[in-house]
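Subject: Structure for your study

Dear colleague,

Please find below the sequence and structure that I am handing over to you. After them I set out what was found, arranged by topic so that you can follow each part on the model.

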Amino acid sequence: MSAPRSETLRVGVVCFSTFGGSGVVAAEIATSLAGRGHAVHVFSDDVPGRLDPTRPNLTFHPVVPRAYPPLTHTLYPLALTSKIVEVSRRQPLDLIHAHYALPHATSAYLARALLATETPGALPKLVTTLHGTDITLVGSDPSFLPLTRFSILASDAVTTPSAWLAAATHEKLDVPPDFAIDVVPNFVDTVRFSPDPPQTTPTATSTPTSTLVHVSNFRPLKRVDDVVRIFARVRAAGPARLRLIGDGPERPRIEAQIAALGLTSEVEFLGERIDLPAVLRDGALFLLPSETESFGLAALEAMACGLPVVASAVGGLPEVVVDGETGYLRPVGDVEAMAVCARRLLDDQPLRRRMGAAARGRAQTQFRVEPAVERYVEIYRRVLG
Ligand code: GMT
């Protein structure tokens, strides 16, 4: 006998807690589902940055792998499996929504296999959202490819935030063409991420600013050194400042690069910020010259704040940024071309305003929260039959 399929769903959301885009998307989905009255259980190593664990209908389940000194490798995927099993025994779930293939979809699969030995039939369905590096880097690494592929094919539904990532999953992981992947674009809260501070009259568009903004986790694939090279060229041609938001392993190298270029006084490191909308709306334009990006949620959040985006023409970014309308897309590594675009936007205020307004308009019309969450709920209901 399967679990009751009532209007109210019991959904387990499995995600990373870090400030990365997949954790943000998962937290926003969990919040919205709870707001609609569904019973939501979030599983992660810590409370995701954008999640309020005290809100009604939402329970946060911390996953804490026990340390056992002879075992030097992390037991997190197994602790996550055990936690899903433990919670499901007490409060059966209709489905588990795993964000990121490894280890989340694999742990959910294993939990389901264990639960099947106890209560055959009453098993949660598995919906897996792929976010990018789980396919392009981790998942396609030969050491992980078979398990990633297996976890995808064992899911009842698989989603990606861009058509590009769906195609890359078919191609890189040799997923059969008839295995359907739902494309559900990422989304943004355009009330929180807006050009105007809450409860004030519009001001941002009338304030001339020459600040370039970049947000990332400072990993090599973000090419933060290109951000600095672009800024150096922009600065050489006129006034400008650079704000770097986020943190990660590349930061010391980037600090050294900025010092070597004599730009230390013109660049600010703001670290990870929860007041991101305020920082974004202070900027003139957003830079995202990544090596790859399945979607580029950081760019979308900047667009919602009215910033044009100068980014690499790569991955899913062309599905977010419309070249020549909401910003500029140039080949990966072409810092000269990106600097020309950025300088043009700083020098031509009407152009910048026009593109900023178009960026905000695109975020409002194409990437709203409610339709995206509605798509996920439709997928949940489809797999639940
Ligand atoms: O970009 C990262 O390194 C973080 C990563 C994550 O897993 O949080 O972001 C990925 O997922 C985001 C949400 O779907 C996307 O907006 C990012 O483009 C994607 N990053 C890459 O594909 C490199």
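The phi angle of Asn-57 is near 70 degrees, a positive value in a residue other than glycine. Please keep in mind throughout that this is a predicted model.

A cis peptide bond joins Leu-102 to Pro-103, with omega at about -5 degrees. Pro-103 has its place in helix H3, which covers residues 101-118.

The chain as a whole

The protein chain contains 13 helices and 13 strands. Its radius of gyration is 22 Å, close to the 21 Å that the globule rule gives for 385 residues, so the chain is as compact as a globular protein of that length. Along the principal axes, the C-alpha trace spans about 70 × 50 × 40 Å.

The sheet of seven strands

In which order do the seven strands of the open sheet stand? The order is E3-E2-E1-E4-E5-E6-E7, and the pairing is parallel. Strand E3 (58-62) and strand E7 (182-183) are at the edges; each has a single partner strand, so one side of each is left without a neighbour in the sheet.

Within this sheet, strand E1 (residues 10-14) and strand E4 (residues 95-99) run parallel and are joined by four bridges. To find one of the pairs on the model, look for Gly-12, whose bridge partner in E4 is Ile-96.

Helix H13 (residues 369-384) lies across E1, E4, strand E5 (125-129), strand E6 (157-160) and E7. The helix runs at about 145 degrees to E5.

H13 also meets helix H1 (residues 21-35): the two axes come within 10 Å and cross at roughly 80 degrees. H1 and H13 are therefore roughly perpendicular to each other. On the H1 side, the residues in contact are Ile-29, Ser-32 and Leu-33. They meet Val-369, Glu-370, Val-373, Tyr-376, Val-377 and Tyr-380 in H13. The residues of this contact divide into seven nonpolar, one polar and one charged.

The sheet of six strands

There is also an open sheet of six strands, in the order E10-E9-E8-E11-E12-E13, and its pairing is parallel. The edges are held by strand E10 (267-271) and strand E13 (327-330), each with a single partner strand, so one side of each is left without a neighbour in the sheet. From one strand to the next, the twist averages 20 degrees.

Strand E8 (residues 211-215) pairs with strand E11 (residues 285-288) in the parallel sense over two bridges. In this pair, Val-213 has Phe-286 of E11 as its bridge partner.

Helix H7 lies across E8, strand E9 (241-245), E10 and E11, and runs at about 165 degrees to E9.

H7 in its contact with H11

Two packed helices are described by the angle between their axes and the distance between the axes. For helix H7 (residues 224-236) and helix H11 (residues 335-347), the axes come within 8 Å and cross at roughly 50 degrees. That angle makes H7 oblique to H11. The crossing of H7 past H11 is right-handed.

Which residues of H7 meet H11? They are Asp-226, Arg-229, Ile-230, Arg-233 and Val-234. Their counterparts in H11 are Val-335, Glu-336, Met-338, Ala-339, Ala-342, Arg-343 and Leu-346. Sorted by type, the residues of this contact are seven nonpolar, no polar and five charged.

H10 in its contact with H12

The axes of helix H10 (residues 297-304) and helix H12 (residues 349-366) come within 7 Å and cross at roughly 115 degrees.

From H10, the contact involves Leu-300, Met-303 and Ala-304. In H12 these residues meet Gly-356, Ala-359, Arg-360, Arg-362 and Ala-363. The contact of H10 with H12 comprises five nonpolar residues, one polar and two charged.

Yours sincerely,

A colleague

Methods
Residues numbered from 1 in each chain as written. Predicted model: local features only at pLDDT ≥ 70, side-chain atom pairs only at ≥ 80, totals over all residues. Heavy atoms only, no water. Axes fitted to C-alpha atoms, helices over the stretch in contact; angles between N-to-C directions. Contact = heavy atoms within 4.5 Å. Nonpolar A, V, L, I, M, F, W, Y, C, P; charged D, E, K, R; others polar. Pairing = 2+ DSSP bridges. Rg over C-alpha atoms; globule rule 2.2 N^0.38 Å. Parallel < 35°, antiparallel > 145°, perpendicular 65-115°, else oblique. Left-handed = near helix turned anticlockwise from the far one by under 90°.
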